[in-house]
Amino acid sequence: GPMRPDARESVPAGFNWGHLAFLAPVHASLLVAPFCFSWANLGLVLALHAIIGGLGICVGYHRLLTHMSFEARRPLTYALATLAALALEGGPVSWIANHRRHHQFSDGPGDPHDATRGFWWAHMGWIFVAVPEAELAERKRKYAADIAADPYLAWLEQWYWTLTIPLGLALFWFGGWG
């Protein structure tokens with residue numbers, strides 16, 4: 001079987017308050033959704049979910065960049081990675097490093113989101129574990145050096161979150177608070 005990580009890698013380092021500080025207000029803002037409801041807004045949310053989650057995360061980050069299930073020319077690769085970045089699940093280097101590590105240690109010690117630790121852990125809990133910078137850098141080097149070697153994907157790793165600012169402003173400009 002695959003080599004298991006040493007004990008140091010599998011011990012959580014603490015709570016990631018930054019992730020909570022970002023995710024809590026984003027999800028709390030959904031409390032106003034019933035007061036801003038419109039069918040157009042619902043359609044837009046579903047379309048963005050399909051484009052950002054379906055094409056970006058599922059096709060771009062997962063099938064193309066993590067598993068290399070198919071080949072794509074650079075413009076399509078960059079477009080899919082850019083869409084994925086809008087999901088705010090992390091830049092391509094981090095996301096792909098975590099997912100490749102997940103597949104190496106599927107549902108066991110070393111898997112960042114080990115499902116044997118329960119539904120909550122596999123889907124959300126692992127996001128709140130603060131991992132030391134040195135360990136994150138090692139994971140990226142070990143599992144996603146090919147992704148980090150690409151200049152655009154390396155830039156996207158650093159600045160992915162900024163792409164949501166023009167998207168958010170455009171959505172507000174055209175649709176208001178809804």
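Biologist: Is asparagine 98 buried or exposed?

Modeller: Asparagine 98 is buried, because its relative accessible area is 17% and buried means under 20%, exposed over 50% and partly exposed in between, with a 1.4 Å probe and protein chains only. Please note that this is a predicted model, in which local features need pLDDT of at least 70 and side-chain atom pairs count only at pLDDT 80 or more, while totals for chains, interfaces and linings use all residues. Residues are numbered from 1 along each chain as its sequence is written, and side-chain values use heavy atoms, with hydrogens and water left out.

Biologist: Which helix holds asparagine 98, and what does the residue touch?

Modeller: Asparagine 98 belongs to helix α5, residues 92-104. Helices here are DSSP runs of H or I with at least four residues, numbered from the N terminus. If residues up to four places away in sequence are not counted, asparagine 98 touches Pro112, Trp126 and Arg139. Contact means heavy atoms within 4.5 Å.

Biologist: Arg139 is on that list. With which residue does arginine 139 form a salt bridge?

Modeller: The partner of arginine 139 is glutamate 135, and their closest N and O atoms are 2.9 Å apart. A salt bridge is a side-chain nitrogen of Lys or Arg within 4 Å of a carboxyl oxygen of Asp or Glu. Both residues lie in helix α7, four residues apart, which is about one turn of the helix.

Biologist: Why do arginine 139 and glutamate 135 count as buried?

Modeller: Arginine 139 counts as buried because its relative accessibility is 10%. Glutamate 135 counts as buried because its value is 9%.

Biologist: How many salt bridges does a search of the whole structure find?

Modeller: The search finds four salt bridges. One of them joins arginine 100 to aspartate 146, with 2.7 Å between the closest N and O atoms. This pair links distant parts of the chain, since arginine 100 is in helix α5 and aspartate 146 in helix α7, 46 residues apart.

Biologist: Let us turn to a histidine. Where is histidine 62, and what is it in contact with?

Modeller: Histidine 62 has its place in helix α3. Leaving aside neighbours within four places in sequence, histidine 62 is in contact with Ile57, His67, Trp95, His99 and His103. Histidine 62 counts as buried, because its relative accessibility is 18%.

Biologist: Now the outside, please. Which residues form the nonpolar patch on the surface?

Modeller: The patch consists of Phe22, Val26, Leu88, Trp155, Trp159, Trp161, Ile165 and Leu169, which together have about 760 Å² of accessible area. Patch residues have over 30% relative accessible area and no salt bridge, and nonpolar side chains (Val, Leu, Ile, Met, Phe, Trp, Tyr) are joined within 5 Å, like charges within 9 Å. Accessible areas come from the Shrake-Rupley method with a 1.4 Å probe, and for residues only the protein chains shown count as cover.

Biologist: Which helices each supply at least two residues of the patch?

Modeller: They are α2 (17-28), α8 (151-159) and α9 (164-175). Isoleucine 165 lies in α9 and is partly exposed, at 45% relative accessibility.

Biologist: What does threonine 164 touch?

Modeller: Threonine 164, also in helix α9, touches Leu86 and Leu88, not counting residues up to four places away in sequence. Threonine 164 and alanine 87 are 77 residues apart in sequence, yet 8.5 Å apart in space, C-alpha to C-alpha. At 21% relative accessibility, threonine 164 counts as partly exposed.

Biologist: Last one: is tryptophan 120 buried or exposed?

Modeller: Tryptophan 120 is exposed, because its relative accessible area is 57%. Tryptophan 120 is found in helix α6, residues 119-123.
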